[in-house]
Amino acid sequence: MSQVVAPAGSARTPAHPEPDVGGLVRSLSKRFSKRVTGELLIPAQQGSYSDLPRELDPRLHQALTGRGISRLYSHQAAAWVSVRDNRHTVVVTPTASGKTLCYNLPVLHGALQNQHKALYLFPTKALSQDQVAEINELNAAGGLGVRAYTFDGDTPGDARKAVRTRGDIVVTNPDMLHQGILPHHTKWAQFFESLKYIVIDELHTYRGVFGSHMANVMRRLRRVCRFYGADPVFISCSATIANPEELAELLIGNTVHAIRENGAPSGPKTLLLWNPPVVNPDLDIRASARSQSSILAREAVKAGLKTIVFAQTRLMVEVLTKYLKDAFDRDPRRPARVRAYRGGYLPTERRETEHQLRADQVDCVVATSALELGVDIGSLDVCVLNGYPGTIAGTWQRLGRAGRRNRPALGILVASSLPLDQYIVRNPEFFLGASPEHARIAPDQLLILLDHIRCAAFELPFSDHDDFGSSALRPFLEYLEQEQVLHHEGGRWHWVADSYPANAVSLRSVAEGNFVVIDTTGGQQNIIAEVDFSSAAMTLYEGAIYMIQARPFQVERLDWEGRKAFVTQTRADYYTDAIDYTKLKVLSEFRADPSGAGQSAQGEVHLVLRVAGYKKIRYYTHENVGYGNINLPDREMHTTAVWWRLEPDALCQAFESRWQALDGFLGAAYAMHFVAALLTMSEPGDLGRAVGNSDATWFSHVGTRGRGSAQRFNGDDVDLEQPEQIFAPTVFLYDNYPGGIGLSEPVYEMRAHLLTRAREMVSECRCTAGCPACIGPILSSDEERTVSAKTLALRVIDLLSVPGSACA
Amino acid sequence: MSSLGTRLRTLAQQSGGSTGSVSSESGPDRDISTSVQQRLRRSMRTRAHTPAVKATTGNDALANALDGTLVGPSLIRLESRYPRIRGHGHQSLAGEREAAAYLGHPHASSGGRIVFFDTETTGLAGGTGTVVFMVGLAWFDGPDLLLRQYLMSGFGGEPGLLQAVTEDLEQAELLVSFNGKSFDVTQLETRYRLASLPSPLRRPEHLDLLFHVRRMFARRWPNCRLSTVEPMLLGFQRHNDLPGSMAPTAWLNWLRMGRTDMLCEVAEHNRWDLVSLAALLPAIDARYRGTDANVDHSRTATWLATVHGDRAALEYLQRHRDNLDLSAQLELARTARRIGDWSLAVDIWQELARQGDGHAIEQLAKYFEHRLHDYRTALAWAETLLTLERDIEAHRRRHRRLLRKCASCSG
């Protein structure tokens, strides 16, 4: 993250005339007043300053003044004091508030005065490289001679020893710490012996599965530190979330002092909440967010404003890039004004885009959350969010991309038709006041804990008196002994297996192995992208159109085992979207409770995901122009889920036909899924949704054939009206992680509230028969049915809420 | 086992899992009682293992079975002697000092102890979780090779083992290993570090024979494993040898079930490794100095030139003159050129040029242009080269330059 500290009392004057953000806001508000559902003004904030600490090493003092920093923001000074007093510290301030200095100052001081070493952890490699570059600038400014190195998968073998033995500051990522450093800690003995500071930046990114893994990696790190007699101080930085202290304490397993007062000045900021216009009033169907984002980005670029567009998916990045390139990059002889930036591009390509952004050579960048983090890309004026990112914190962080360096800025949140988006843009007050979001982690999740106990046992033998996290350790050790991994002798548990457990544990996803995308156009073989395992099935099936910088490639062949996709350039006028199926089987019920005329339960389920086919969708018109089949291995997992079903009698009484009941369940599930995501402050992708028979004979989805088709897992249709067919439709909301990551418990606890809120969401929606903002998209033919899908969904929710309500 | 299940179930309740209120409603698999352990197994897709049988055999019995001595808690020392005169395969056990000196360790000739060194571990994965359960050391002592092996019969023996190895290495001048630089030493140093003891492996020089074998034979043999090297270089074939990859199992079988048989085989295997090391040292030395036709001559000559100078490389290549492949012939020409023997170099290049070798033709073009200033001959070679490799810009440039030079000479 780049350090921006204005010299005392003087605001930095921009090199070029101030871009007219205000003009654009006025023009948009005037022309599209109906689309703007909220306008928030965040006034400019004055800076609050402190002197440089008196005890600061004079060389460091000189280096800072040499870079124009003669005093600190108040939060930087507070962090200095807190760390000096050996307190674990978390600094909670927004983007571009100079948080880097909060940790660089004590770390550099410690390195200069006491030869203290520091370990920096960033969630991505790109951030690590930025960080080292920044420390080295400070180094150069003061001739400090502090050695900062990155250590990651790109560090050449012959340089590794130098990093281990000579680095004062080692910058790495959690994955490398987990797989490359801790299992080889003896090689790092010198480093650990002098380790005084551990810096965790972007703390809020460590939530959910990743965070739960991270907490365990930190347990292992502290264990190794104890072995070498080190007791380092943790310094962490977080974006604004509701519970940074709690998160930090869970992650580092210790009490933490939080610093929340931001002393950095900031320019005025406008946030527009934008709801696309209604194009079909009967169905309450709105224009797509995509089209609106594209229009807004065009307006901003035409007004001479540097613009960033955030999209939720890689696919959407490519589609939007294409639209904007069609508008601004028609002349191939001129340098591109629009660039895409997302995960999956090769590092060199990403570095190039970052450089072009800093050098003001690009007018517009379309990005996924890969740019949400603190990669330094210089200042931008306008930030367009294509769809609500799922969390308020994520929204603010992305919006923070605009208006760095004290300039006025504009953020526009364009709502999609998803329920969460619609809810958010209709409730602007959500963006005022304190952040409502709690980052949740479950460090003691059974499988994650077991994985890390395994890794920890490899690193140092456990003794009978040791603990690891809050769970009792011994049963795990005994389990591992039975698995012939550990051997218990003399009160210690020794690793005896011929394996390297960290390699089998990925911190970020379940399955191993990225796919590489190989361009075979013209007989050559060039690697053009990487795709992580979890999204490969959805994006690299044979026939898929895979896009890079809006250039379409068609997947010719997928080598699943070899993790390779062979593509060729194509001129297709369509893109492809995968269709997936889910099958769930209840393995055991942990607890259950009556729910209206039915029952709600939480327990363990077995889940199979199949990517069955894909749709071809034409650009601009978005019509379906074809289908294709996909033959890929299923993805399986055991996880926890909450489910709801109705007593057969209640079903019979309430619905004329089983088809109607099924439609009701599908609509209700849609609404309940989004409400559950909102209530648990998780992203919708963390929770999965399925509707199927309780005995798993069939599952239902809103597919290509309209509403409510029921199919066996092999794709055969099921005739539900056959009387011998068992009919027990069930709504499942499952934890989308093997073993569960602790989401199904809060969902179960909130089950009553969840139904109430889902009912509100559906009944208060202005559509007549159902729409993507309440029960999911419906076909126009559904309009003519006697009972609307919306009514049926409400009926299901009511039946689940109040016994006998449907008969009343 | 039942207490484990109970504990894990308690654990699940603490983390918000099952409280046991299972509804009576029928459903699939409802009768399965789900202990967390079962959940673990299901999620990990493993079956329950049979519980470990506790070791019933004592350390004394193991020491007996191995014909060794219990020298500390859970530490067994095995000692045996292997007469020099027995030789190994068709290789004699002699000349180790001269050999070590020739292979780059001149101090070894002056009398310090040369220690052959090989370990057995619980795995090849590396990292802190790999245990070195046996260390084999050997050095010449009078008429014999003295073989000394330390075996941990349990984890309690590790500090003693490390200490004993430290003492035995006090007089070592040179360690000789096969792949020891990247594996055995690294692993053993990790153990010293974990035991908070200083490593005795840093001080002596270290000669890893694998590097030499790779240099000479990597392009000749399917692999450079010791089991490949022994028949090829020593004429030695093991019979009923326990493969090294079984060593982890052998130790675990002892640890868990008190089985001694496989450990005896591991000790035997380790002893043969040590004897082979002692024989390999002179065997490799002989390849540098001798006439083995199977050696990769060009890479061997390159090493000789670096360590022993161009003359040594030239002598080596001359000795193998009738057996040199293309790259070795070019190496010979290059070496000859470096020491100023141009006529030898030109002879080789011309011979190769007749066979159409582009590199040799290019050398000739250079030689005639820059050394003899015979531009016409050089031009002829440059033209030949162009017909062979049309698209190389350097060739075209040379051709144009020589055309100019010829024109200005005759004009």
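The model is predicted: local features need pLDDT of at least 70, side-chain atom pairs count only at pLDDT 80 or more, and totals for chains, interfaces and linings use all residues. Residues are numbered from 1 along each chain as its sequence is written, while chains are lettered from A and ligands numbered from 1 in the order in which they are written. Chain A has 808 residues, and 55% of them count as buried. Buried means that 20 or more other C-beta atoms lie within 10 Å of the residue's own; exposed means 12 or fewer, partly exposed lies in between, and C-beta atoms are placed from the backbone.

**Overall layout**

- Chain A holds 23 helices and 34 strands. Helices (H or I, at least four residues) and strands (E, at least two) are DSSP runs, numbered from the N terminus.
- Of the contacts in chain A with a separation of 6 or more, 72% join residues 24 or more positions apart. A contact requires C-beta atoms, placed from the backbone, within 7 Å.

**The seven-stranded sheet of chain A**

- An open, parallel sheet of 7 strands runs in the order β6-β7-β5-β8-β9-β4-β10 (chain A). Its edge strands are β6 (148-150) and β10 (257-259), each pairing on one side only. Neighbouring strands are turned by 15° against each other on average, direction ignored. Two strands pair if DSSP finds at least two bridges between them.
- Strand β7(A) pairs in parallel with β5(A) over 4 bridges and with β6(A) over 3 bridges.
- A:I169 in β7(A) is the bridge partner of A:A118, and A:A148 also stands opposite A:I169.
- In a regular strand the side chains alternate between the two faces of the sheet. In β7(A), A:I169 and A:V171 point one way, A:V170 and A:T172 the other way, and all are buried.
- Strand β4 (residues 89-92) joins β9 (residues 233-238) of chain A in parallel through 4 bridges. Here A:V92 stands opposite A:S238.
- Helix α4 (residues 100-114) of chain A lies across β4, β5 (117-121), β7 (169-172), β8 (195-200) and β9, and runs at about 165° to β8(A). Axes are lines fitted to C-alpha atoms, for helices over the stretch in contact, and angles run from 0 to 180 degrees between N-to-C directions.

**Strand β22 of chain A and its partners**

- Strand β22 (residues 515-519) has 4 of its 5 residues buried, so it is largely enclosed by the rest of the structure.
- β22(A) runs antiparallel to β23 (residues 526-531) of chain A, with 5 bridges. A:I518 stands opposite A:I527.
- The two strands form a hairpin with 6 residues between them, and A:G522 in the turn has a positive phi of about 70°.
- β22(A) also runs parallel to β26 (residues 564-569) of chain A, joined by 4 bridges. A:V517 has A:A565 as its bridge partner there.

**A three-stranded sheet of chain A**

- An open, antiparallel sheet of 3 strands has the order β19-β21-β20 (chain A). Its edge strands are β19 (462-463) and β20 (486-489).
- β20(A) joins β21 (residues 492-495) through 4 bridges, with A:H487 opposite A:H494.

**Nonpolar cores**

- The largest nonpolar core has 229 residues, and A:V366, A:L540 and A:A671 have the most contacts inside it. Such a core is a set of buried Ala, Val, Leu, Ile, Met, Phe, Trp, Tyr and Cys residues joined through C-beta atoms within 7 Å.
- Helix α20 (residues 658-679) of chain A gives this core its largest share, 14 residues.
- Another core, of 126 residues, lies apart from it and includes B:M134, B:L147, B:V229 and B:I348.
- Beyond its neighbours within four places in sequence, A:L540 has contacts including A:F515, A:V517 and A:V531.

**Helix α5 of chain B**

- Helix α5 (residues 158-168) has B:E158, B:L161, B:L162 and B:V165 as its buried residues. They lie on the same side of α5(B) because they cover an arc of only 95° around the axis. The arc is that of the directions from the helix axis to the C-beta atoms.
- Their cover includes β2 (75-83), β4 (132-141), β5 (144-152) and α6 (180-194) of chain B.

Key:
Contact = placed C-beta atoms within 7 Å.
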